[in-house]
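Please keep the structure open beside the text.

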Amino acid sequence: MNVGMLGTSDESWGSFVGAGLSVGAGGFRIVDGSSLRTLQAAASEADTNHYLVPFGSTVTYVCLWLVRSWDIDSYRTRFDTVSLWNLKKWFMELHKETIPENELVPLAQVFASMEAYGCTYAPELMDRASQLGEPIARVYCELKQHKCARTLVSADAAVRAWLDGVTYADEQESIRQMQIAQIAPVFPAQTLAEIFQNIVVVNNSLKETTEWFERLGGGTISIAISPISYGVFEVKAYAANFFINKAAGTYQKAYAQCVADLLEILKNYCYQVNYIQRFSYLQYNVERLPKEGEMQPAGQCLQQNNIGYRMLQKLGWTGGPLGYKQTGILNPIEVPAKHDRRGLGCTKAKKRKPGKADHADGDHCALDLHFYHELMLSIVARKPYYDLIFSPEFTENERIVLTRLAAQWRLRCETRLAVTGQAQFVIKRYPLPPHDVLVQVLIEKHPLVSKYYEVVPPKVGLISL
């Protein structure tokens, strides 16, 4: 049995001198002895944790916490599974020093049943067990995620692998490699089926499809136009010098018909990879962060000390949007700052020399440039699968500064118009090669890639997993 004392150092135990006095069971007890050893022996005689210890000429009240040296393994039953017993054992080991034995054992059983079997108890009991076992539950969940899953194998496959002297893991790896070979690019491509295996239709766009096909180095998708008669043209489509389709008619009509037919043919015989836009432009994911100490931008709501705020109050305005039905604007009209000598309404940009003008833009920029510089570095390191859409609160000058920051790190960016007509700065996602997307989605089952990319198999089964 271990004995400890609250509020008294271990060095003072040797100066205690006792006299023999006992008050009934469960009450106070005067302890004989002048050392901690004598007090420990007295504590083992009775199950009490309240003692009166004479200290000099004064009787002092001492509160002790007693911990029995009980065996945790003795509480394991033959019905406990390995995972259930581990939960109970970890729980008891964690709180053995602070919770009495008769209270800790049932608490451990409640916690283990909740985590292993999903049992429910009284809300107060479940809350206490969950709070005490929170670190154990966190580790248990991580172990469950990384636990090896049981794999069922047919008898024929097991016997065949045993006769061939190949383990199940090696057989699964060979199957995986065979599946990858069926969708991987083929070099050199000699047949039309191999050309279609090298082509992946990206975002239903012939331009993007051609760009990725050219990056493989096995050819290109080309359109040949030749006149037949006056005002009539013949348009032919080729993939790596293989003829695919043709159309005839006026220039624009024949070209559009040939491209549409070509895309439909590629969709029939090739895989399709489409990027899934998870964030709408109204739901931006990068906010505007001004410099510290900057004045509040005009786009935010009026403050009470503003003269316009007081004028509106005198006219009966009590807050919220303007208008009788409160359907008007909520924020003041934003007046952008003007730092050039161009006339009002002039949209033509003035040519200026690089260097001095760049520093001028940085001086007029009210953004926390250090933060956005670190953001660009994080994008380069993480290579996100999704677009970073900036808030429409950024001004034109601030978007120019962000564009230059992105260009320093060779990040693809653009300014898009939202549905509301507001300009938004966007840093484009890092595109994965389409064949890598096929492997990650169809074979590896990667959760993030599957979330942001959609894979459509070919309609005609020239290529199949």
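Start at Val200, which stands opposite Tyr271 in S10. This is a predicted model, in which local features need pLDDT of at least 70 and side-chain atom pairs count only at pLDDT 80 or more, while totals for chains, interfaces and linings use all residues. Residues are numbered from 1 along each chain as its sequence is written, and side-chain values use heavy atoms, with hydrogens and water left out.

Strand S6 pairs with strand S10 (residues 271-275) in the parallel sense, over three bridges. Two strands count as paired if DSSP finds at least two bridges between them. These strands belong to an open sheet of three with the order S6-S10-S14 and mixed pairing. Its edges are S6 (200-202) and S14 (453-456), each pairing on one side only. From one strand to the next, the twist averages 20°; such angles run from 0 to 180 degrees between N-to-C directions, with axes as lines fitted to C-alpha atoms, for helices over the stretch in contact.

Rolling a probe the size of a water molecule over the atoms shows where empty space is left. Here the search of the whole structure finds two cavities of 30 Å³ or more. A cavity is a set of points, on a 1 Å grid over the protein atoms alone, where a 1.4 Å probe fits but cannot get out, and lining residues have an atom within 4 Å of a point. Grid points are joined across faces, edges and corners, and the volume is the space filled by probe spheres set on the points. The second largest cavity holds about 30 Å³. Its lining has 10 residues, and Gln197, Ile199, Val200, Tyr271 and Leu438 lie nearest its centre. Helices H8 (192-198) and H15 (434-443) are the elements that give two or more residues to this lining. By class, eight of the lining residues are nonpolar, two are polar and none is charged; Ala, Val, Leu, Ile, Met, Phe, Trp, Tyr, Cys and Pro count as nonpolar, Asp, Glu, Lys and Arg as charged, and the others, Gly among them, as polar.

Now look at the loop between helix H7 (168-183) and H8, where Pro188 is found. The peptide bond from Phe187 to Pro188 is cis, with omega near -10°.

Next comes another open sheet, with three strands in the order S7-S8-S9 and antiparallel pairing. Strands S7 (221-229) and S9 (242-249) form the edges. Seven bridges join S8 (residues 232-239) to S9, and Phe233 has Gly249 in S9 as its bridge partner. In the loop between S8 and S9 you will find Asn241, which has a positive phi of about 70° although it is not a glycine. Helix H10 (residues 251-269) lies across S7, S8 and S9, running at about 145° to S9.

A hairpin is worth a stop too: S12 and S13 have five residues between them, and Gly421 in the turn has a positive phi of about 90°. Five bridges join S12 (residues 413-417) to S13 (residues 423-427) in antiparallel fashion, with Cys413 opposite Ile427.

Finally, turn to helices H3 (residues 101-117) and H4 (residues 123-132), which pack at about 90° with their axes 9 Å apart. They are therefore roughly perpendicular to each other, a term for angles of 65 to 115 degrees, whereas under 35 counts as roughly parallel, over 145 as roughly antiparallel and the rest as oblique.

How values were computed
Helices (H or I, at least four residues) and strands (E, at least two) are DSSP runs, numbered from the N terminus. On a 1 Å grid over the protein atoms alone, a cavity is a set of points where a 1.4 Å probe fits but cannot get out, and a pocket is an open set with protein on both sides within 12 Å along at least five of seven lines; lining residues have an atom within 4 Å of a point. Contact means heavy atoms within 4.5 Å.
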